[in-house]
Amino acid sequence: MPDTVKPILSVEGLQTVFNTRKGEIHAVNHVDFDLRAGELLGVVGESGSGKSVTMMSLLKLLPMPPAEVRNGRAMFDGRDLLQLSDDDLRTVRGGEIGFVFQDPMTSLNPVFTVGFQIMEPLRTHMGLSKRDAKKRAQELLELVGIPDAARRLDDYPHQFSGGMRQRVMIAIALACDPKVLIADEPTTALDVTIQAQILELMKDLRDRLGMAVIWITHDLGVIAGIADRVMVMYGGQIVEHAPVKELFRNPQHPYTKALLKTVPSLSGERAKRLTVIEGQPPILSSAPCACSFRDRCPQAMPRCGTENPARYGIGNGHDAACFLVEPEVAHV
Amino acid sequence: MFDAPTPLVRVRDLKMHFPIYSGLFRKRTGEVKAVDGVSFDVFEGETLGLVGESGCGKSTCGRAVLRLYDITEGEITIDGAEIGTKDQSDLRSMRPVMQMVFQDPQASLNPRMTVEAIIREPLDEHTTLSAAEKREKVLELMDAVGLNRAFAGRYPHAFSGGQRQRIGIARALALNPKFIVCDEPIAALDVSIQAQVVNLLEDLQEQFGLTYLFISHDLSMVRHIADRVAVMYLGKIVEIAPSDVLYTAPKHPYTQALLSAVPEPDPSADARGERIVLQGDVPSPSNPPKGCNFCTRCPKVMDICKEVEPASVELAPGHVTACHLYQN
């Protein structure tokens, strides 16, 4: 995809802090990224790397306090999401930007029927009449592949299996034809055979509806199969960003390299021992003034402990936040 | 890998049915057939992987093998002793031989006990060591699993997920067991920490000559750690084979679909075959379909599958599958 396409969502310098009794936790630190129409952007990282908090900050879905979006801009459709009033934001949430949450078991309200929950955004955001909303809800359930949709509208969430509940979540998120769909680990709680169904469904819907998708996951296999571009997050920062094939073929950041090696493969030679990333993920109690990966990095230099690397571009839409790819150093 | 002539663990036709009670008088109205006729052997020093989707009965199977449940039917022989029918009180003397590592290191450690007390508890129960000897043993175990001795007085909440799983492993090792059931030991951990724990399990196996039943839904990790793999679907083992054979030439349509559904960390789609996307969900184990359990989702279903339950057939030495495609 050429870089000239105007991004639909453009995030700059996003910084989110949690104020806790034990002090501040810097969960997201100066995150910049663009999302273009019709593309599928994958976000990978371990738990605590800030990938969910980044996306939830954009729509003020975090409890505030303790959370605080301290800095940044998120331009969507000519408006800065972070400056919108609560009322304006309500029209964006579930309307122009859909959100699919991680856990289908707890994200649906158990005391309302599935039909009611799909109709709710249709009635609120699009002002549909009850009858029209019901018709549209049925179409949506059919779209996400739930058999016998008309009858299932009157069922409650507990009557659905995990995979079907996740489909309902996707149907709700798609209800108002969003321009952007943010999916936060939508398949993590599901089995692989059901995950395969959801992945096929998402690719199909993206192609048919032409929306942009942000797909958050910790599973590199899922990313390889579905994403156009990938951002790797670590310690609340984007440490590497590249088109998907480029990232897997030519990883630059030591964290990405290590992450790709720790995952055993289903085919090819069986490794005698798994490669491990020694140590633990960082505790983000202060704003980064050094590389957050330095304690676990096999190639750490003295400089990594005193300066936080910027994201250096290396061509092909690929950049990495590591001094090893800094232009001056690379030429020496 | 040398197959010892007698297996350390021998399971035959194991059934674990949980009753369902309903109505005003709590009448018994049915049963969940969580494990429904499972047979396998685990040989000394090897790792048998047990894979399947959630709800297929793999955890129940692992727990039933250690007699954490009173089983419905079947024979279980561990280290020469038949334990399938023994009373729970008689089983106590067998417990040191067989241990378990649980899935959730958060829930399986008592938050009000120190690490030392947690690892010492099996020693208190089953040995007559003096306090000083126990303490020495606990510290040795902490060394073995890579925990800092200085942390012996801390409580579980002070540790990360990976470290907590190490505590659980140290506790399982305390009585020098021969056989350990690892029930999804890495499912709750981050990718980079999973590799650390798996390497630790492999090192310990070599060091202490352990035998593992490794239960997991992570097929690529099982390929790495297991010598042989059994695939479960809806309470039954549909295929069992040496690891290399199972992953390169799976025979049962369910194994084929399961393997093809695993997303490979390789974006060049040509590297892999066509993905088989199964339709629908796993049927309820309280009401399994007639005939083959997999007939409702099988892409190669035939008429006979809906009528007759397929028997297990040995296709090659050690490669057994239960599917009508391979009968005769």
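Predicted model: local features only at pLDDT ≥ 70, side-chain atom pairs only at ≥ 80, totals over all residues.
Local features need pLDDT of at least 70 and side-chain atom pairs count only at pLDDT 80 or more, while totals for chains, interfaces and linings use all residues. Residues are numbered from 1 along each chain as its sequence is written, chains are lettered from A in the order in which they are written, and side-chain values use heavy atoms, leaving out hydrogens and water.

**Where the chains meet**
- Chain B puts 40 residues into the contact and chain A puts in 42 (contact means heavy atoms within 4.5 Å).
- The two chains bury about 3,600 Å² between them, 54% of it on carbon and sulfur atoms (that is accessible area, 1.4 Å probe, lost on being put together and summed over both).
- On the chain B side, helix 6, helix 7 (219-225), helix 8 (243-248) and helix 9 (253-261) each supply at least two residues (helices are DSSP runs of H or I with at least four residues, strands are E runs of at least two, numbered from the N terminus).
- Helix 6 gives the largest share of that side, with nine residues.

**Helix 5 of chain B**
- This helix covers residues 161-173 and reaches 19 Å from first C-alpha to last, close to the 18 Å expected at 1.5 Å a residue (the expected span is 1.5 Å times one less than the number of residues).
- Of its 13 residues, 11 are buried (buried is under 20% relative accessible area, exposed over 50%, partly exposed in between, with a 1.4 Å probe and protein chains only).
- Those buried residues pack against several chain B elements, including helix 3 (115-126) and strand 7 (179-183).

**Salt bridges**
- Over all chains the count comes to 37.
- Arg297(B) pairs with Glu53(B) at 3.6 Å, so parts that are 244 residues apart in sequence get tied together.
- Both partners are buried: Arg297(B) has 5% relative accessible area and Glu53(B) has 2%.
- Glu116(B), Arg120(B), Asp124(B), Lys134(B) and Arg135(B) are linked in a network.

**Cysteines**
- There are zero disulfides over all chains (a disulfide is two cysteine sulfur atoms within 2.5 Å).
- Cys291(A) has its closest cysteine sulfur, in Cys304(A), 5.7 Å away, too far for a bond.
- Likewise, Cys322(A) is 6.1 Å, sulfur to sulfur, from Cys297(A), too far for a bond.

Conventions: Salt bridge = Lys/Arg side-chain N within 4 Å of Asp/Glu carboxyl O.
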